[in-house]
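Hi,

Here is the structure I said I would pass on.

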Amino acid sequence: MHLVAFGLNHQTAPLSVREKLAFPAEVLPGALESLVNSDAAGEAAIVSTCNRTEIYCASHNPQAALEWLSQFHGLPLEELTPYLYQLDAAAAARHAFRVASGLDSMVLGETQILGQIKDAVRAAEQSGTLGTQLNALFQKTFAVAKEVRSKTAVGANSVSMSAAAVKLAEQIFPTIRELKVLFIGAGEMIELVATHFAARSPSCITVANRTLERGEKLAERFGGNAITLSDLPEALPRYDVVVTSTASQLPILGKGLMERAIKIRRHRPVFMLDLAVPRDIEAEVGELDDVFLYTVDDIASVVEVGREARQLAAEEAEAIIQARVQEFVAWLKRRETVPLIRSLRDEAERVRRHALDAAHKQLARGEDPAKVLEALSQQLTNKLMHPPTQALSAGHGAEHDALVHAIARLYRLHPES
């Protein structure tokens with residue numbers, strides 16, 4: 001089993017491609033089990049966020065794992081290939097360390113991704129697809145992320161996507177205080193964005209969610225109210241700001257619904273931010289007059305504030321990561337020798353038992369114990385020395401020289417002296 005990682009992110013693929021390969025939380029357990037049961041991988045973990053979909057796995061056949069991804073989402077592999085990256089063990093470890101440390105995020109130094117990776121690892125563990133190699137990789141990943149955060153300033157002055165959402169709205173409206181804000185969804189991302197908007201004291205905050213109870217629980221934190229998704233057609237025209245992030249596989253807000261809302265609003269502008277992948281708002285909504293629609297990819301320009309200073313800190317972080325990658329690769333290589341060591345010990349045990357059985361028979365016949373021990377030691381010595389001696393005699397050229405060096409090192413010999 002070889003440790004590999006493959007996937008795509010905001011740097012390699014547009015949102016229109018990323019949303020096709022997303023793994024919502026409710027399908028993740030089934031996807032993990034499907035990947036492992038397909039024999040394409042022996043271990044698997046899937047990190048799926050608005051900015052990336054990445055599969056980490058231990059596999060005899062990485063190509064089969066790629067084909068599984070293609071089949072699972074019903075997309076031709078050749079259509080996905082231009083956007084995918086595939087990483088071997090060392091590159092996969094480096095990538096995981098960089099992602100968890102916030103070095104590969106749209107917002108350099110952001111911390112939310114670390115929690116998302118932990119969620120992905122927890123899902124893999126609960127699904128029974130987190131084996132020895134991946135467990136070691138991610139435990140090392142969490143340790144590296146902690147080290148980078150504590151020893152560098154890579155996360156200092158970072159403008160989060162949540163804060164960027166407010167900044168975008170303030171480019172459309174002179175003040176948030178007079179606005180009515182609608183949040184669709186009640187997950188972590190909505191909670192973070194709502195926290196930043198609530199700090200600006202908008203005139204009204206409403207949370208629309210599939211289940212009213214969960215929506216009410218979040219709304220209470222910000223002194224707002226809650227509605228269900230079925231209430232959206234009637235409620236939508238009342239809101240100046242709409243922020244959405246759900247796990248829906250299909251758009252929740254379409255062009256026709258927004259056309260009616262704009263008409264009722266008498267063409268007062270609406271700021272809409274779609275943080276979901278796949279998207280909650282049809283792309284055609286952005287073509288409507290008086291609608292200012294943004295997606296996660298549109299936030300990039302806003303989060304550049306302070307990036308230069310964090311970039312200097314990122315160079316320090318890269319040095320830490322490189323050292324930790326070398327440690328992890330060394331662990332993998334040591335692990336690769338385990339079967340060989342086991343076979344070597346098994347062979348030595350076979351020789352030992354064979355010689356011991358012969359000695360027991362000699363003693364049973366009444367032979368001199370001293371002579372039996374002498375024969376036993378000679379037999380063990382001859383049996384154990386035969387393979388390296390035979391290999392040296394049969395070897396020639398560069399192979400012979402390599403064997404000489406290896407045996408001298410193994411047995412700590414210094415023939416030249």
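This is a predicted model: local features need pLDDT of at least 70, side-chain atom pairs count only at pLDDT 80 or more; totals for chains, interfaces and linings use all residues.

A124 counts as buried, since its relative accessibility is 0% (buried means under 20% relative accessible area, exposed over 50%, partly exposed in between, with a 1.4 Å probe and protein chains only). A124 belongs to helix 6, residues 112-127; helices (H or I, at least four residues) and strands (E, at least two) are DSSP runs, numbered from the N terminus. Leaving out residues up to four places away in sequence, A124 touches L32, A44, A45, T129 and L130, where contact means heavy atoms within 4.5 Å.

Residues are numbered from 1 along each chain as its sequence is written, and side-chain values use heavy atoms, with hydrogens and water left out.

Now the cores. A nonpolar core here is a set of buried Ala, Val, Leu, Ile, Met, Phe, Trp, Tyr and Cys residues joined through side-chain atoms within 4.5 Å. The largest one has 65 residues, and F97, I117, L137 and F138 touch the most other members. Helix 13 gives the most to this core, namely eight residues. Another core, of 38 residues, lies apart from it and includes C50, V207, V241 and V303. As for L137, its contacts are L3, Y56, A93, A96, F97 and F328, again without residues up to four places away in sequence.

Six strands make an open sheet with parallel pairing, in the order 7-6-5-8-9-10; two strands pair if DSSP finds at least two bridges between them. Strand 7 (225-228) and strand 10 (291-295) are the edges, each pairing on one side only. From one strand to the next the twist averages 20° (axes are lines fitted to C-alpha atoms, for helices over the stretch in contact, and angles run from 0 to 180 degrees between N-to-C directions). Strand 5 (residues 180-184) and strand 6 (residues 204-209) pair in the parallel sense over five bridges, and F183 stands opposite V207 in strand 6. Helix 10 (residues 212-221) lies across strands 6 and 7, at about 160° to strand 7.

Last, the rings. Rings of Phe, Tyr and Trp (its six-membered ring) pair if their centres lie within 6.5 Å; planes under 30 degrees apart count as stacked, over 60 as edge-to-face and the rest as tilted. That rule gives seven aromatic pairs. In one of them, F271 and Y294 have ring centres 5.6 Å apart and planes at 40°, so the pair is tilted. F271 sits in strand 9 (residues 270-274) and Y294 in strand 10, so the pair ties together parts that are 23 residues apart in sequence. F271 is buried at 0% relative accessibility, and Y294 is buried at 17%.

F328 and W331 form a stacked pair, 5.8 Å centre to centre with 25° between the planes. Both lie in helix 13 (residues 307-336), three residues apart, about one turn of the helix. F328 is buried at 3% relative accessible area, whereas W331 is partly exposed at 26%. Ring pairs also link F23, W68 and F72 into a cluster.

Cheers
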